[in-house]
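Work through the exercises below with the sequence and the model open. Try each task before reading its solution.

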Amino acid sequence: MEEVQTRLQKIGLDETTIKNTLKGKNALKSILQTLDLVGVKECDKKIGNLLYEMSQNLTEALDNRRALLAQYIVEGKISNKLQLEGGLEYLKTHTHLEQIPVQDFEKAAGVGIVVTPEQIKDTVAQFLKSKEDLKTIRYTYNFSEYTKQVRTLLPFAEGKLLTQELNQQIEAILGPKTEEDLKAAKTQTKKPQQQQQQQQQQQQVEEDDDECKFDISKLVARDLATTVNSEQLLNWRKENFPYEILTRFPPEPNGYLHIGHAKSINFNFRLAQHYKGVTYLRFDDTNPEKECQEFIDNIKENLRFLGYTPFKTTHASDNFGKLYEYAVQLIQKGKAYCCFLSKEESSKLRNDLKPSPYRDTNPDENLVIFRKMKMGYYKENEVCLRAKIDPTHPNPTLRDPAIFRIRFTPHPHQGDKWCIYPLYDFTHCICDSIEGITHSCCTLEFEVRRDLYYWFLKELDLYRPFVWEFSRLNVSNTVLSKRKLHHLVFNNIVDGWDDPRILTLNGLRRRGYTADSINKFCDLISVTRKGNENFIGMHVLESCIRKDLDVKAPRTMAILEPIVAIIDNVADDFSEELEVPIIPRNPQKGNRKILLTKSIYLDKNDVRTEDHADFWGVAPGKIIGLKQCGPFKVISVTANEVHLERLGKDIKPKGFLHWLSVKEATPCVVRLYDYLFEAYDPNELDDYIKGINPNSKIVCPNALMHKDLLNSKPEDKLQFERLGYFNLDFDSKDGKFIWNRTVTLQEKDKIKAIAQVEGKQVQKKDVPQQKKDATKKEGKKE
Ligand SMILES: NC(=O)CC[C@H](N)C(=O)O
């Protein structure tokens, strides 16, 4: 052991890393294997740590790339973590290649890219120029966010140099910290608990992101025994399915999909993709009473929207004939019987761990009854077929479960061909098996049913897929259970299944969430068996859409509640064309033109007849800025008119407001959405309905938008400056434009904006405890 310890010291690992490595067998094995492979006995700390990092990130599928990566590190061609990540990512997505194309690999790993200090200097300078508000917010700017953003501009620059440069340039712009800066920093560091928790969660999410969630070797190691298939069965699978990995997404078409399903879709499809396998969409349609074509179509549409194309779409009901035959086999084996007990009688017996009196009917007699069931001889619920397992089993799912029942309901996919229908447990495993599924992944509440799953396949001697359960997704400030969503919809608490406030995929889409943002969210949240629940703050989802739209959504302006402002010191026919970028971060998108005229509209929410110390908008005597055009002095303010005077550009106003020329404004409706539930976790309340947010939807019927938007089509996305990102609603037609707010520009904008629309100032008592500071600071930022 000591010898190993010295070896690790010699490559420059720190004590804690060494200690932890010695504890974990695999970690140790992996780094030693790497060192042996490249014959390194002693090396620079930087190289040693990279070799270590690489060894810990090598999944089994990448084991054959160890030498390649190690060589690049030792030769100093891969010399930082980012390069390593780039290289690993490339290899991960190219496991199928025997020979790695050097050029492509080196490009992905940034080999040979040397970022000079000059380049860093220029990029940082360029970046800071785009931060219009830095001088206003001064040292309260978000350092980590800034670093992250510059990083994306120069991914392979050395981290330390980059942050140093950033610090220096910011200090050069702002000058040393003043007393006020220090005070501001202090109030900022007193982070309310929830905010802190949220940050930790974000961090956790980002850390989990590093973990390779598609490491099948991890999945398979668990409970291998239960999936042991005979050679014959494995051969059967091999001969019939050319894909080593085959997954499925198996919804029951009895409702709308939500973000939890997106997690499962994303996991199943990406897992298969990762291993060059394929994924089926299988409708688990065994219950004709609750299923219908509308749901089937909607699920298909949801998958299309998310960007997934199933290799095949199948229906469990296509296998009804086979399932019938398998049931017959069980009966013949003496492993199933027809039971005439009523529902109540049988559940009482099952509770008391007593056998059904029909348990010992002989197979021949059972077969006759079962055939008669199929022919419609009995009434619904008069008799059912049960598996003969163990009435006293501690796991209730194994106490002689029903496997076929009578229903005289036509089936959405099979018509009136059947009047007996197989139940979920019997159907699911057999469909997985005959479809050659390798990994049957489902949420943890199905864990109790796993033994039953394997019982059927074993008794029928069918190929056994590997079952793996992961924790169910929960998101803060909302509910996801089918029952609760149903209640919200049917009691008109929300406007239907695609209400933008609920996290159904239809709702998210209508709210303006893009497929990319939803997939990114699913990529971020871990898929593990950890804990019972996977509880994620809504802010994580919101930050995914903000990031996505930041680079995609064109900028423009809208006014929620208009008030006219006249610029006194220009001629009546004054008009100036201003050219501004459509997406500042994406100069290729070009510019847009806006007109400044003598009369413009401002937002009433930004205007007050009396000034107030912490108010930064329009009030008599104040200097304000208009977005994209410069400073103005406020001459007078009445309830329905403002007078301004244009000032020279050298004056720096505290904040910039959005506006529209009266010549370019055209009517629209804007809907502002907030969390549907005020309660962080409504599921914890004795009555979740009590957690509802009464202000979750606010409609601004008299809003104005720029006339360029008259060509917009439903689902167009944009940013109304200062107000947030918006999506054109499906209901927009016949010249009526309805914009749904997808998300505010920043998390903390939410409370303030809503309070404003209601025509009142943000009162301290209105602001939840944890957000007080954020609201105050907001005033300065504009
Ligand atoms: N095993 C599973 O994944 C369960 C699928 C089941 N049809 C459902 O929709 O919940």
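**Exercise 1.** In this predicted model, find which ligand atom lies 2.8 Å from a backbone N or O atom of P250, then describe the surroundings of the ligand.

Solution. 
1. Turn to side chains: a polar atom of D284 lies 2.7 Å from a ligand nitrogen, and an N or O atom in the side chain of Y424 is 2.8 Å from a ligand nitrogen.
2. The ligand exposes 300 Å² when taken alone, and the protein buries 78% of that.
3. Residues around the ligand include R248, E252, H428 and F446.
4. Helix α21 (424–434) and strand β8 (439–443) each supply at least two residues of this shell.

**Exercise 2.** Determine how many disulfides the structure holds, and check C292 and C668.

Solution. 
1. A disulfide needs two cysteine sulfur atoms within 2.5 Å.
2. The cysteine sulfur closest to that of C292 belongs to C431 and is 20 Å away, so it is too far for a bond.
3. For C668, the nearest cysteine sulfur is that of C700, 9.0 Å away, and C668 is in no disulfide.
4. The count for the structure is 0.

**Exercise 3.** List the buried residues of helix α10 (residues 143–153) and state where they sit around its axis.

Solution. 
1. The buried residues of α10 are Y146, T147, Q149 and V150.
2. They cover an arc of only 165° around the axis, so they lie on the same side of α10.
3. Their cover includes α8 (117–129), α9 (134–137) and α11 (159–174).

Terms used: Residues numbered from 1 in each chain as written. Predicted model: local features only at pLDDT ≥ 70, side-chain atom pairs only at ≥ 80, totals over all residues. Heavy atoms only, no water. Buried < 20%, exposed > 50% of the residue type's maximum accessible area, 1.4 Å probe, protein only. Helix = DSSP H or I, 4+ residues; strand = E, 2+ residues; numbered from the N terminus. Arc of directions from axis to C-beta. Contact = heavy atoms within 4.5 Å. Near = heavy atom within 4 Å. Polar contact = N/O pair within 3.5 Å; in protein donor to acceptor, adjacent residues only side chain to side chain. Areas by Shrake-Rupley, 256 points an atom, 1.4 Å probe, with all protein chains shown as cover.
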